[in-house]
Amino acid sequence: MTNDSHGFAASSLAKVLLCNRIDVDDLPEHPIRWSFDTSAIGTLGDSLSQWNIENLLHESPTSSIRYQRDERTHVERVPRDIARASYEAGLPVVIDRLPAFRPICESIARELDIDSRDVTCGIFASDKGATAPLHFDQAFSIAFQIIGRKKWLLRKNDVAESPLVGWALGDKVNDEHRIFSGNPFPTEMPDDCTTEIASPGDALLIPSGYWHATEALERSVSFNIHIALPIPADVYLSFMRRVLCQKRVWRQGMSRRRIEKNMERLASEFESEAGRAMRSVIVGNRGQRDGQTSNDPRSPYRINPAATISVDHAESGACTVHVPSIHGTRRVELDLDPSLINACRRLRNNANDAVSAEYLFHSIPTVSLEDIGHLLCILARAGFLHHVE
Ligand SMILES: [Fe+2]
């Protein structure tokens, strides 16, 4: 198969599997199930067609197993012989590093309009009777049953909603768990779990944090997708780290005692840095949102103080705008009419932070007022300017 046909196969597989059932920003609170065409899964690879454990293990030098020891769940990568022994001992084995998986994760990410780094997938192989203990995961997952029947025990999680990390019955509760749950975790399987039997062709979506336990009623193979979406706390913290670490005072090591001693000063500086940084991001967004709304040549725009514009090739009209965004600096490449380059330079060196098309037209009369108005709209959409109401 060529790379292109791999991509095509992965893209049609993603469509067949997901069946337009998921909006990641409006996920169900409870598991949902739907049917998919199992024949599509053959695109994962010809040699997997038998789906027996020998073939599956042959595909990848290592697999993952999940087991409990010392009151903690371990996920470990193991070579084929240990994976085989674990399979025979009743543990589900996860084949999760096949080259064919990357284009599938990318296609799934495209279908769901998310980042492909947030998607992982794997084949779960379980011998008859293999079980997974009651647990919840941070990611939400979809299990596509391919071979055999699997019993799922499911229950809403009342003790830990939107967890930061997973937990399994028998694990110790640690400091990370206490951040998102002050409630005691169960010590035994709740008796009010609901039961779902997944047969070949059944897809089952398990929301993040939902309790689940499984038992293979027959030799079972499923293809599972895990989606760990970024959480706002991490995105904003990573943004603030980038902002703060531009200043030496925030990246200079100091003792914990000194950090605590200077808490008042640092906290106050943190607050003003955060305020300034967030305002610049909001301005960039506002520019994008309102960029097309003004046709009035006197309509004022403000230059985003944290954005920059550079002229790459004056002759061709190539420019680049850099705008701070919560996910990092956003780079917007513009392909302008070369006659507008002088206006860009004027904007870059503008001493005031407010401009209008009329104002620029007076200083660059060689370009029409209409073209300058058009340029301001483009720069506003790029986040370099924002339209002032
Ligand atoms: Fe799970």
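Mentor: In helix H10 (residues 341-348), the buried residues are Ile341, Ala343 and Cys344. These three cover an arc of only 160° around the axis, so they sit on the same side of H10. The arc is that of the directions from the helix axis to the C-beta atoms. As background, an α-helix has 3.6 residues a turn, so residues three or four places apart point the same way.

The model is predicted: local features need pLDDT of at least 70, side-chain atom pairs count only at pLDDT 80 or more, and totals for chains, interfaces and linings use all residues. Residue numbers start from 1 along each chain, as its sequence is written. A residue is buried if 20 or more other C-beta atoms lie within 10 Å of its own, exposed if 12 or fewer, and partly exposed in between, with C-beta atoms placed from the backbone. Helices (H or I, at least four residues) and strands (E, at least two) are DSSP runs numbered from the N terminus.

The buried residues of H10 pack against strand E15 (308-313), strand E16 (318-325), helix H11 (357-363) and helix H12 (369-381). Contact here means that the C-beta atoms of two residues, placed from the backbone, lie within 7 Å. H10 lies across E15 and E16, and it runs at about 150° to E15. Such angles run from 0 to 180 degrees between N-to-C directions, and the axes are lines fitted to C-alpha atoms, for helices over the stretch in contact.

The two strands under discussion belong to an open sheet of 3 strands in the order E15-E16-E17, with antiparallel pairing. E15 and strand E17 (328-335) are at the edges with a single partner strand each, so one side of each has no neighbour in the sheet. From one strand to the next the twist averages 25°. Two strands count as paired if DSSP finds at least two bridges between them; E15 and E16 have 5, in the antiparallel sense.

Strand E14 (residues 301-303) pairs with E19 over 3 bridges in the antiparallel sense, and arginine 302 stands opposite histidine 386 in E19.

Now for the wider setting. The chain is divided into domain 1 (3-229) and domain 2 (231-389), bounds that come from an automatic or database domain assignment. Taken over C-alpha atoms, the domain centres are separated by 42 Å. The chain holds 12 helices and 19 strands. Its radius of gyration is 27 Å, well over the 21 Å that the globule rule gives for 389 residues, so the chain is more spread out than a compact globule. That radius is taken over C-alpha atoms, and the rule is 2.2 Å times the number of residues to the power 0.38. The C-alpha trace spans about 80 × 60 × 35 Å along its principal axes. Of the 389 residues, 30% are buried.

In strand E13 (residues 220-227), 6 of the 8 residues are buried, so the strand is largely enclosed by the rest of the structure. Strand E5 (residues 119-126) runs antiparallel to E13 and is joined to it by 8 bridges, with alanine 125 partnered by valine 221. Strand E7 (residues 140-147) is also antiparallel to E13, through 7 bridges; there, alanine 143 is partnered by asparagine 224.
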